[in-house]
Amino acid sequence: MSKINELVNAALKARENAYVPYSTFPVGAAVRVGSDRVYMGSNIENASYGLTNCAERTAIFKAVSEGDKEITEIAVVADTEGPTAPCGACRQVISEFMPPEGRIVLSNTKGDILETTVSELLPGAFKPEDLET
Ligand SMILES: O=c1ccn([C@H]2C[C@H](O)[C@@H](CO)O2)c(=O)[nH]1
Ligand SMILES: [Zn+2]
């Protein structure tokens, strides 16, 4: 199985654990880190709706909290018409932990796959370097 399919399959698996009583819209994500380890994440909602954590950020925060800050690839899957598009908050968080040319794999439950990059997803992102004056 290709590395991309492996990551999309991990995202599909993570989606099974989505906690979505309010939207009933499960999303799965998976990130690959420098060591080749894969971390999976799902969206986790809350009765206080705004506290919801998207699947992408769950996967990223799992990796970073385990000491893996160098993320090389991320895959996202939901039941969308076209490939699932990460929200603006997730695009910003992705930009913090992946290089501009890092691979983003947007998929859906039909198996559509769109490969893009971090800089295409969020051109002109506010970066850690911007804080250095
Ligand atoms: O890329 C996306 C888009 C949406 N959601 C979640 C947030 C919320 O739980 C539900 C509906 O917006 O989907 C994600 O996890 N990732
Ligand atoms: Zn998001």
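**Ligand 1 and the zinc site**

Me: Which polar backbone atom is 2.9 Å from an oxygen atom of ligand 1?
Reply: One from Ala55: a polar backbone atom of that residue is 2.9 Å from a ligand 1 oxygen. Keep in mind that this is a predicted model.

Me: How much of ligand 1 does the protein bury?
Reply: The protein buries 77% of the 370 Å² that ligand 1 exposes when taken alone.

Me: Where does ligand 1 sit?
Reply: In the largest pocket. The residues around it include Phe25, Val27, Asn43, Thr52 and Pro86.

Me: Switching to the metal: which residues coordinate the zinc ion?
Reply: Cys54, Cys87 and Cys90, each through SG, at 2.2 to 2.3 Å.

Me: How are those donor residues spaced in sequence?
Reply: The pattern is C-x32-C-x2-C.

Me: So where do Cys54 and Cys90 sit in the fold?
Reply: Cys54 is in the loop between strand E2 (38-42) and helix H2 (55-65), while Cys90 is in helix H3 (residues 88-97). They're 36 residues apart, and the pair links distant parts of the chain.

Definitions and conventions
Residues numbered from 1 in each chain as written. Chains lettered and ligands numbered in written order. Predicted model: local features only at pLDDT ≥ 70, side-chain atom pairs only at ≥ 80, totals over all residues. Heavy atoms only, no water. Near = heavy atom within 4 Å. Polar contact = N/O pair within 3.5 Å; in protein donor to acceptor, adjacent residues only side chain to side chain. Areas by Shrake-Rupley, 256 points an atom, 1.4 Å probe, with all protein chains shown as cover. 1 Å grid on protein atoms, 1.4 Å probe; cavity = no way out; pocket = protein on both sides within 12 Å on 5 of 7 lines; lining within 4 Å. Sits in = over half its atoms within 2 Å of the grid points. Donors = N, O, S within 2.8 Å, 3.2 Å for Na, K, Ca; no water. Helix = DSSP H or I, 4+ residues; strand = E, 2+ residues; numbered from the N terminus.
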